[in-house]
Amino acid sequence: MTDSRSLTELGRIIQSRSTTIAAWLGAAEIPQPSLSATYPWQEIDYPRDIEQDRAEILEALDELRTLLLGPTSYLFHTSITSVSYRALGRRLRMTHGHHELTDRVQPVWVAVFTTLYRFQIAQNVPRQGSISYTDLAAQCDLGELDLRRVIRAAVSIRIFEEGDGHVRHNAISAALASPLSHDAVGFFAEEFHPAAMKFSEALRQFPGSKMAGESALALVNGLSGDMDIFSHVSKDPVRFERFANAMSWMAMMPGTASSHFVNNVPWGRGEGQAVPACPRTIVDIGGSHGDLCKALLRGYPGIERAIVQDLPRVTQISLEETFEAEYSNRIEYQAYDFFTEQPVKEADVYIFRTVLHDWPDSYAIKILRNQVPAMKPGARILINDICLESGQHTDPLTQQAQCTHDMMVKMGVNAQERTTQEWANLLSEANRGYKINSIVSPQSSVHSIIEVVWEENP
């Protein structure tokens, strides 16, 4: 990391880039951002140069805050009150357009967010108007004094508004009230916060382990050996639905949004570059509710058939949906356990989006080997996961997000994020017919797109 910049220089960057973004929003007739609960938040598709300005502002703000706090205060706010999720590396973003809610972690804010989740406080505040502390306490079945304490703490980090003994929503608390956001906060509060407390114990007890049942999360749940948390959670419908919603919520973050993948698939490359033909059949392995396939079908009319594969509980829910006409006859759902042989033979493209990083090498190799019987010459596997590259310039927020994922998958199942060389080694170990053809890392994306071509009898 380079030497820090001066306060004056950081201030100039923030002011100039903010002015540029404000002007662009005005020209695009998009309202200037506000914390008002009535603000019409929307997903903003920033052009490349404006997205770069936004990244520079966030980087400068982070550096400026660190300088103004100073070393001792920075350690206090990071490790004790945790003004960012950096203690564990998790930076949360609430899905209410582009407004961000940065989750505070250890130990004070764990208590706040856990209480907000368990007592459904945000859900009990009316969307319009306000509610008295007395009435809200009664609806949440929580003592009024304790409710006031929690709300006061939440207001201090810009969640909710209060006055005259009443509580009302702002944009952040309104986002927290949405089902996906609520489940995501609950997932991290209930599942990963306890695991964080077991992380060092797991490292000491199982040094260098790559067994799913020897992770911090496994210790919390009393697992061992090969028993992974995914299989364990799938037995509990409530936990499983919360997990699925949390993963859907994560996929909506700007840095991890599926649009980075959709806009940079190999067949969508710009003119003048060698491009494969648009695939006719694609298979999204671990595709959950099919959001990625729907986006690909919207963007590429040449795709005739998209198959979404996931565990039976997930696919059954998806089968009950009503689909828009644009892809109703082009998408299908199939129950599939990727630790068994791939049943869809000779598709053009098989997709693993944020799947393989969830598994240690031995498990990931087994998953990849199970695809081999289905592969035809020239077929592609697209892996949408992180590529950790030492020395590669990555903006601090993206780097933090990548380190976050690395810590989370280690805590969860003793997995890891991988470098380009580690991806190459993994694929070669699975089968020498797998050849990396290209790696694309879209700007401001946490993930890269690793294009793997199947070469029969290499």
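## Starting point

Two residues are in contact when they have heavy atoms within 4.5 Å of each other. With that in hand, welcome to this predicted model, where local features need pLDDT of at least 70, side-chain atom pairs count only at pLDDT 80 or more, and totals for chains, interfaces and linings use all residues. Residues are numbered from 1 along each chain as its sequence is written, and side-chain values use heavy atoms, leaving out hydrogens and water.

## The protein as a whole

The protein has 16 helices and ten strands; these are DSSP runs numbered from the N terminus, with helices (H or I) of at least four residues and strands (E) of at least two. Of its 458 residues, 51% count as buried, a word that stands for under 20% relative accessible area, with exposed meaning over 50% and partly exposed in between (1.4 Å probe, protein chains only). Among contacts between residues at least 6 apart in sequence, 66% join residues at least 24 apart.

## Helix 14 and its surroundings

Two packed helices are described by the angle between their axes and the distance between the axes. The axes here are lines fitted to C-alpha atoms, for helices over the stretch in contact, and the angles run from 0 to 180 degrees between N-to-C directions. Helix 14 (residues 361-369) and helix 16 (residues 420-430) have axes that come within 9 Å and cross at roughly 55 degrees. That makes helix 14 oblique to helix 16; angles under 35 degrees count as roughly parallel, over 145 as roughly antiparallel, 65 to 115 as roughly perpendicular and the rest as oblique. On the helix 14 side, the contact is made by Asp361, Ala364, Ile365, Leu368 and Arg369, and on the helix 16 side by Leu426, Leu427, Glu429 and Ala430. These residues divide into six nonpolar, no polar and three charged. Nonpolar covers Ala, Val, Leu, Ile, Met, Phe, Trp, Tyr, Cys and Pro, charged covers Asp, Glu, Lys and Arg, and the others, Gly among them, are polar.

Which residues of helix 14 are buried? They are Tyr363, Ala364, Ile365, Ile367 and Leu368. Their cover includes strand 7 (349-353), strand 8 (380-385), helix 16 and strand 9 (434-440).

## Helix 3 against helix 5

Helix 3 (residues 108-118) and helix 5 (residues 144-156) pack with their axes 10 Å apart, at an angle of about 115 degrees. That makes helix 3 roughly perpendicular to helix 5. Trp109, Val112, Thr115 and Leu116 of helix 3 meet Val150, Ala153, Ala154 and Ser156 of helix 5. By class, this contact has six nonpolar, two polar and no charged residues.

## A closer look at Asn414

Asn414 is found in the loop between helix 15 (396-413) and helix 16. Because its relative accessibility is 6%, Asn414 counts as buried. Its side chain makes a polar contact of 2.9 Å with the side chain of Lys410, and another of 3.4 Å joins the side chains of Asn414 and Ser209. A polar contact is a pair of N or O atoms within 3.5 Å; within protein, one must be able to donate a hydrogen and the other to accept it, and residues adjacent in sequence count only if both atoms are side-chain atoms. Leaving aside neighbours within four places in sequence, the contacts of Asn414 include Lys210, Met211 and Pro360.

## Val440 in strand 9

Val440 is found in strand 9 and is partly exposed, with a relative accessible area of 25%. Not counting residues up to four places away in sequence, Val440 touches Asn264, Ser448 and Ile449. Val440 and Ile450 are ten residues apart in sequence and 6.7 Å apart in space, C-alpha to C-alpha.
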